[in-house]
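Please keep the structure open as you read.

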Amino acid sequence: MTTVTAAPAHHDSGTFRAALPHIAPFLGILVLAVILPFVSNDYWVLIGTRAAIYWVLVSGLNLVVGFAGHLAIGYVALLTLGAYTTSVLVAGNVMPPVPVFAALPIAGAVGAVFGVIVGLPALRLRTFYFAMSTLGFATIVTQIALAWQSVTGGGIGIVGPEFPAPFNTAWGFYFLCICFGVVTTWMSANIARSRFGRALIAVRDAEVAAEATGISKPKMLIAIFLFAGALAAIAGGLFATLQTYITPDAFTFDLSVLFFIAILIGGRGSILGPMLGTIILTILPEIAAPLAAWSTFLYAVLLLLIVLVMPGGIAALLDFRNRRPLASNRAIVPRPAALADIVRKRTGGSHLKLRGIALSFGNVRAIDGLDLDVAPGEIHGLIGPNGSGKTTTLNVISGYYAAEAGSMTLGDDALPPGEPTLRAHRGIARTFQTPRVIGEASVLQNVMIGGSIEGRASFVESMLALPRNAWDERMLAAKARALLGVVGLESLAEVRTDRLQHSELRFIEIARALMLDPDFLLLDEPAAGLSNDEIERLAVLIKAICARGTGVLLVEHHADLIFDICHQVTVLNLGRTLAAGTPAEIRVHKEVVSAYLGG
Amino acid sequence: MAISRRDVLLGSAGAAGTAAFSFPVPAIAQSEPVKVGCLAAMTGPSSAPTIGFNRGVTFAVEAINAAGGIKGRKLELFIRDTQGDPTKAVNATQELISQAKVHAIWGPLNSGEALATTPIMARAKMPDIHPCVVESLIDTTKFPNAFRMAPSNSQWDDAVRNYCLNILKAKKIAVIGDTTGYGVTAVGASVAAFKKDGADVVYQANVDSTQPDMTPDMLRAKNAGAEAIVVWSVSTGMEARMFNVRAVMNWDVPFVGHPSMSSGEIAGLVEKPANWKKVYAIGYKSCSYDAAGKLPPKSEDLVARLAKANVVMNDTLLWWIAGGIDAIELIAKAVAESGSTDSAAIIAYWNTLSKYPGYFGNYSFSPTQHNGYPTEEIVMSEASTAKNGTFALAPGYT
Amino acid sequence: MLASIIASGLAAGAIYALVGVTYNTMFSTSRVMSFTAGQLAMLGGVFGSLFTLKLGLPIVVGFLLTLVCCAIIGIITEFVAVRPVLKSLDQHLYVLSTLAVALMIQQVSAIKWGTEPQPFPRLFGIGSGVWDEKFWLPVVACAITIVALEYLYRRTLVGRAFVAIAEDNFAARALGLPERNLRVASYALAGVIGGVAGYSGGELMLAFFANGALLNFYGFVPVALGGLGNNRGAIVGGLALGLFQQAANFLVGGIFSSVAVFTLFIVVLLAAPQGLFGSSTARRV
């Protein structure tokens, strides 16, 4: 602490100024919320309280639906669970009465556990299955609330908890709920802006790439299911107080649809959007009372319109920055020299060895007894006609496919077959034949995802914005910016990635892979779709990476590029090695020449 | 009569005194309309009763206004469609209280809605008169503002039990309800009360109302030797299935219970009209016709007035309409008699009522008893005999 | 008692199985699971009651009109909720778009048809007790549908084209098959199958708007059990579910039978994500 200098302080105020445009809308909403009771009546205070409580739930669910992309359509079940848990604890139906401020955290813990149980199918199953399982859960929670009469009061229900003074008045409770809303907004924003939030979006939009960067989907999802479940249950406790009395019929499927649609109206991957969505959907039925009977129908129409017409939701409407046109004549100008400042220089190091690898899909032998050695500090080319097994080889090394026979070693250690998420930890990074990036995230965020496993802060630390998280973020952002400089894209750092050209995506993927500071870099046709100028710059970049001691395995169709920069070349045909050697040897290899080089 | 009532009013000097003291500006208040809020589930499932009640409410308001209002003050209705959703009901209640600033509230009927809104109305000391059957809604200490002008669940239960045990002379009873909150609770209460009265409850079940076949439950009830089946459900589909299964089983056990068994929809759901015989649903003396097809004189008079005003009666129940009228008249009467729309005055007036003659029944309230409807008014009626919302008395009543 | 459980179990099971086949039929040409499957079956009951009881049309005319209406709803689903989101199948937008259409169908039915179950016409008046037509009709309808589908898929050109598209969409298009028209046709076919499910089950389940949501879930369970796109699996799964559910109703009562079904569903999904008869997932990378 004593070593704090002026520089970091200046840096902090800088980040604050940069963050202000993001925070300002939230502060605006907060100010309006605080003013509300003074300019209206108890009715609007009630509606405001309701919106705040719904937001407590939605802010957690937003991470599940909006960030992780899992369509949890039955989240009213967790609201029900929390409402009943809190009410039962406070009423003392099963054990001595618990004060409400103790009951709420207990309900949160129960909700967290059930959040994971309901979420479990999402770890293994397709989207629709998960949607169905949340729906099924919503049904049985109500059924159990009905049946377990001795505890829940059955159909007659149970009195909602009452808060002690000063929160037992309409105003007091309103401000309490606003406080809850502020805290959950802060926590969910912290998660969203941390490496965990980026990882969620990565798993959603580019799951395969996320695995290659070492992001473990189950761990991520369990963390947010815990978080969202806890918030939903706490919202349930507040909901029970607001309702004064809860019966199973208060927890309608309409409520579930409201939560769900609020997020989609708001826009995926946003926090402000779903917050506005929640507020709008809470108020809408109040000012459109004559339409009460049709409200579900209107929600459905709204949902369809969003999906078909405005998939970005409110967040996309408010995203003014990304409407500014990009320079059309921009060029990618890598500065490989800068690599020295970022990537450590390796000397020696272990070899990546494949021996007798075999893999078949049905009756097709995709790889049939392949041997391959990639040395550190060398560029190893892998060429061959379509279907010869080049990409499959990369996929076996990355762990997407488990070979049926043969062994892989990295130095002295065996590289276990399968388990793609462990490759990043072993220093293996890769790019993909079709770039797998997150279109909705900025270029900088896409690159930062590459460094996910380097973060040291835990999920809880990130949620509470503790110092280690801030340190992680600064480190990852600085490194990502520097690497964008290396690949020549730093001017596009803040741009949404789906606005970029195909060739730029290829360089983003390389920058993302370099975030790992990898021992081995697997490049899958990095030159495909690039102009001749760009290929030249790519060649320089790859050579520079190799020069820092990284072993590069390069799958490519551009023979010139291969022969220009490779130290070793392996030629595949029908899953077998046709030839292997230095570019000079391959160039004169008879079969290779007659088959591929058009000689 | 008028004198004695004034005496009673003076007797409860505390309440009346405060009421008189809190008159804000009488001169302005005199011309201001009397605002009545209606928490009514006009759409959605379980909206049928409220729609019926609402016809009575509207009829009464129009009648009063046509006759010059309450001492020159018009009645103004604020109807809020709550769709049977407690969440919407809570919002609507607060809106009526804080925004519309109504003087009294009628409803709600649905139990989930009533349970959630009653404490909110109590907090605002809002005079409330409702027909919801849930027992715990009437509590003169917690909710001194809430008055019930319809039978409570236990009164229904008493009437059903009375009919089974004393008129049908059944000893072995089966109690079946649906899996909704209402069904589960009502079955539990009913079984306990039967047992307390020494009856033998041979079978009890809560059945999912969507279950396609009722044979298993009916078979088990039969095997257990049930002599009457008591039904607590609002699901007409499930009830019709039970009637059909009874016919298939060639069993002549009577069904006794919830008024929904007399709902008009059942006519289309039973396989043949005979299946709907020997079904006795809860009804009311005021809305039951005798062997000669005659209603009590006061009700005959009401039906004539309703017919003149073109109020539709054939798709609803008369007691719903009558209850709606009574509710409005109780509010109007309170304003007229206490000379004030002050909530304390209205409540104080209601607390003095003794055998107030309404169309649906005679209501009596006191500061410690807000269950205003007399149990002896509740009778069983032949479920399949609907005629303009009235029913034939079940056999056995004299 | 046992006879009654088996009768109602098989009847309910046959309806679930047909809804499962409806899911599969839509899935086969579009790779989309649609929330409208159960709603189509609900509409089969509602339209059947509407045409025969409300409008007084002859039973045959009412039946055919019901199927035509369901087919039209199927086609509308394809145009409104499926076609626009096909190009980004991996974003699973179809879950939302078909949910939206399903909610609209349900809400319009609730408001226009009413929220109380309404009677369904008695079609033949054959049988009583456990041999009542309301029990065997869905089973017979299920059997006929399966035989007809097998005939369609194996013996007719259109049917083979369906199979070709279901097996390899790209290859089928490369062969010049009119993929788009076949997809529309398969949605119409799904509408007809859903309509048959609802119509044949009408006497059992009545014409009731809430049947849609119910059948959505209970019709999906056979698909999850039998494996996506596997009609035989759906039939076996559906009948098994029907028997299991009715037996649970009998053994543990109405409230916990739905809990039992849900638990079974989750356990099967976690133990065998591809279903008991399903094949393994496609290649990801």
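## Where chain A meets chain C

In this predicted model, 33 residues of chain A are in contact with 31 residues of chain C, where contact means that the C-beta atoms of two residues, placed from the backbone, lie within 7 Å. On the side of chain A that touches chain C, at least two residues each come from α4 (100-124), α5 (127-147) and α13 (295-309) of chain A. The biggest contributor to that side is α5(A), with 14 residues. Helices here are DSSP runs (H or I, at least four residues), numbered from the N terminus.

What classes of residue make up the side of chain A that touches chain C? It has 25 nonpolar, seven polar and one charged residues. Ala, Val, Leu, Ile, Met, Phe, Trp, Tyr, Cys and Pro count as nonpolar, Asp, Glu, Lys and Arg as charged, and the others, Gly among them, as polar.

## Two domains in chain A

Chain A splits into domain 1 (42-319) and domain 2 (336-345 + 370-597), with bounds from an automatic or database domain assignment. Their C-alpha centres are 40 Å apart.

## Where the domains touch

Within chain A, 23 residues of domain 1 are in contact with 31 residues of domain 2. On the domain 1 side, α7 (170-193), α8 (195-205) and α9 (207-212) of chain A are the elements giving two or more residues. Of these, α8(A) gives the most, with seven residues. By class, this side of domain 1 divides into twelve nonpolar, six polar and five charged residues.

## Conventions

Residues are numbered from 1 along each chain as its sequence is written, while chains are lettered from A and ligands numbered from 1 in the order in which they are written. As the model is predicted, local features need pLDDT of at least 70 and side-chain atom pairs count only at pLDDT 80 or more, whereas totals for chains, interfaces and linings use all residues.
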